[in-house]
Structure formats: structure tokens, C-alpha cells
Amino acid sequence: MKIRNNGSRIFMTELMFSIFFFIIISAICLQCFAGSYAKSKSAKEITRAVNLATNEAEEYLLTDEYQSNTYYYDKDWKSVSDDKAAYKLTTLVIEPEKKGQCQTMHVVVSTISDEEIYSLEVEKALK
């Protein structure tokens with residue numbers, strides 16, 4: 001008696017390769033999406049830090065009696081007290097050593113654990 005080959009083995013092999021190929025492509029796509037999400041979050045964080053630092057620098061340039069200060073922000077970049085903060089903006093005004101030199105302000109935006117996100121240095125001529 002002859003055994004007839006009805007092609008089911010070939011079909012099952014093709015199906016297994018198709019499923020294996022789909023799993024590999026899905027894993028690659030998932031990794032790409034996860035990486036782009038992380039980069040997007042980082043870009044939003046840097047953009048917000050730059051905006052806060054430049055706003056503070058502009059206020060410093062417009063104010064004659066600017067004082068060094070630290071401001072605290074939550075994860076949504078809303079101003080909060082220091083115990084609920086995720087980020088902080090620190091300003092430090094350095095007086096000139098000699099008359100005729102410029103006053104300097106350092107602005108640092110960082111996480112609450114002091115990982116710097118953005119920093120800025122501004123100089124202003126005194127009147």
C-alpha cells in the first residue's frame with residue numbers, strides 16, 4: 001500500500017515559519033516604539049527645562065535686585081513645595097569681584113536627585 005502525501009507537513013512547516021517571522025518582527029517593532037517613547041519623554045523634559053531657564057534669565061536681566069533662589073516643580077512641571085517635587089530650578093547670582101565687571105547668574109534645572117537637565121549662564125552689566 002502506498003502512503004499518499006497530502007501536503008499537510010509542508011503547510012504546517014510554512015505556518016510555523018510564518019508565526020516565527022511574525023514574532024521576530026513584532027519584537028523589533030515593540031523595541032522601536034519603546035525607544036521612541038523614551039526619547040520623546042526626554043525631549044519634552046529638556047524643552048521644558050530650557051523654557052524655565054530662559055524665562056528665569058529674562059527675569060534676571062529685567063530686575064535690578066534679583067535674588068538667588070530655588071524653585072520646585074512636580075512631574076507635570078507645576079510649581080510645588082520641595083517635599084512633592086520631581087524637578088528643581090536653582091539660580092545663583094555671583095557679584096563681580098571688581099568694579100566694572102559684569103554680574104553673573106547661573107541657572108540649573110535638574111531632577112530632585114541633582115541630575116542636571118539644563119544649565120545656563122547669564123551676564124549683566126551693572127548700572
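Two strands count as paired here if DSSP finds at least two bridges between them. With that in hand, here are some close-ups of this predicted model.

**View 1. Strand 4 alongside strand 5.** Strand 4, residues 103-111, runs antiparallel to strand 5, and eight bridges join the two. One spot to look at is S110, which stands opposite E116 in strand 5.

**View 2. The whole sheet, with helix 1 packed on it.** Five strands make up an open sheet with antiparallel pairing, in the order 2-1-3-4-5. Strand 2 (79-80) and strand 5 (116-124) stand at the edges with a single partner strand each, so one side of each has no neighbour in the sheet. Helix 1 (residues 8-62) packs on this sheet, touching strand 1 (69-73), strand 3 (87-94), strand 4 and strand 5. The helix direction makes about 20° with that of strand 5.

**View 3. Zooming in on S110.** This serine is found in strand 4. Is S110 buried or exposed? S110 is buried: its relative accessible area is 5%, and the cut-off for buried is under 20%. Leaving aside residues up to four places away in sequence, S110 touches Y87, K88, E115, E116 and I117.

View 4. Which residues make the nonpolar surface patch of about 640 Å²? They are F11, M12, L15, I19, F22 and I23. Take F11, which lies in helix 1: with a relative accessible area of 53%, F11 is exposed, since that label needs over 50%.

How values were computed: Residues numbered from 1 in each chain as written. Predicted model: local features only at pLDDT ≥ 70, side-chain atom pairs only at ≥ 80, totals over all residues. Heavy atoms only, no water. Helix = DSSP H or I, 4+ residues; strand = E, 2+ residues; numbered from the N terminus. Contact = heavy atoms within 4.5 Å. Axes fitted to C-alpha atoms, helices over the stretch in contact; angles between N-to-C directions. Patch = residues over 30% accessible without salt bridge, like charges linked within 9 Å, V, L, I, M, F, W, Y side chains within 5 Å. Areas by Shrake-Rupley, 256 points an atom, 1.4 Å probe, with all protein chains shown as cover. Salt bridge = Lys/Arg side-chain N within 4 Å of Asp/Glu carboxyl O. Buried < 20%, exposed > 50% of the residue type's maximum accessible area, 1.4 Å probe, protein only.
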